[in-house]
Amino acid sequence: VDYRIINGCRYLDDIERESDVDILFTEIDFYNIEEIVSRFCSIEEVEVVQVLHHDTRAKNIFLYNSLSKEYLNLDTYGELSRRGVVVYEERNVFNEVKLYENIKTLSTEKELVFYLLKRLDKKAFSLNEMKVIQELYYENKVLCQDEIKRFFPLESSKICFFIENGDYLSI
């Protein structure tokens, strides 16, 4: 099963109980995701307690571990989109492999732009979210600047300036 953690992989150890893990699967694997998760659950001794279909290619799957008494919310996706608009085609995501502690993630510039789009879409920025954006941005500044220019051609220099200065209120 091929996958990419969409964002926040660096913080999986510190995940809060109210948080979720966003995972992108190939379209084919996504259509079989409930079966794939069920197999995982039988191996890991956790159970699926709820599945919410919130789009044709998006499902929330809630898992429960009876030993630790903890829940995990998996936000699973079959495409990388916002409000029905595909941000990155599957072939442009899965042709690259970036690992963070042996976990497959989006490339840095794609993670940054998608996270930025998500925050803009939700109209929600905080100092902590800006720190995440800055961390990604400085991980590969040139690629991130190029990707920001591609998505925001008229505003890219302002966005880069705000990121470099940690100005989350102006984005």
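## Exposure and the Arg150 pair

A residue counts as exposed when its relative accessible area is over 50%, and as buried when that value is under 20%. In this predicted model, Arg150 has a relative accessible area of 52%, so Arg150 is exposed. Its salt-bridge partner is Glu147, with 3.2 Å from N to O. Glu147 is buried, at a relative accessible area of 10%.

Both Arg150 and Glu147 sit in helix α6 (residues 141–151), three residues apart, or about one turn of the helix. An α-helix has 3.6 residues a turn, so residues three or four places apart point the same way.

## Helix α2 and its two sides

Now to helix α2, which covers residues 33–44. Its twelve residues reach 16 Å from the first C-alpha to the last, close to the 16 Å expected at 1.5 Å a residue.

Which residues of α2 are buried? They are Ile33, Ile36, Val37 and Cys41. Viewed down the axis of α2, these buried residues fall within an arc of 140°, so they line one face of the helix. Just after the helix comes Glu45, which takes a positive phi of about 55°.

Arg39 and Glu35 are four residues apart in helix α2, so about one helical turn separates them. Arg39 is partly exposed, with a relative accessible area of 43%.

## A salt bridge across the sequence

What does Asp121 pair with? Its salt-bridge partner is Arg83, and the closest N and O atoms are 2.4 Å apart. Asp121 belongs to helix α4 (residues 108–122), while Arg83 is in the loop between β6 (80–82) and β7 (85–88), so the pair ties together parts that are 38 residues apart in sequence. Asp121 counts as partly exposed at 22% relative accessibility, whereas Arg83, at 69%, counts as exposed.

Key:
Residues are numbered from 1 along each chain as its sequence is written. This is a predicted model: local features need pLDDT of at least 70, side-chain atom pairs count only at pLDDT 80 or more; totals for chains, interfaces and linings use all residues. Side-chain values use heavy atoms; hydrogens and water are left out. The expected span of a helix is 1.5 Å times one less than its number of residues. Buried means under 20% relative accessible area, exposed over 50%, partly exposed in between (1.4 Å probe, protein chains only). The arc is that of the directions from the helix axis to the C-beta atoms. A salt bridge is a side-chain nitrogen of Lys or Arg within 4 Å of a carboxyl oxygen of Asp or Glu.
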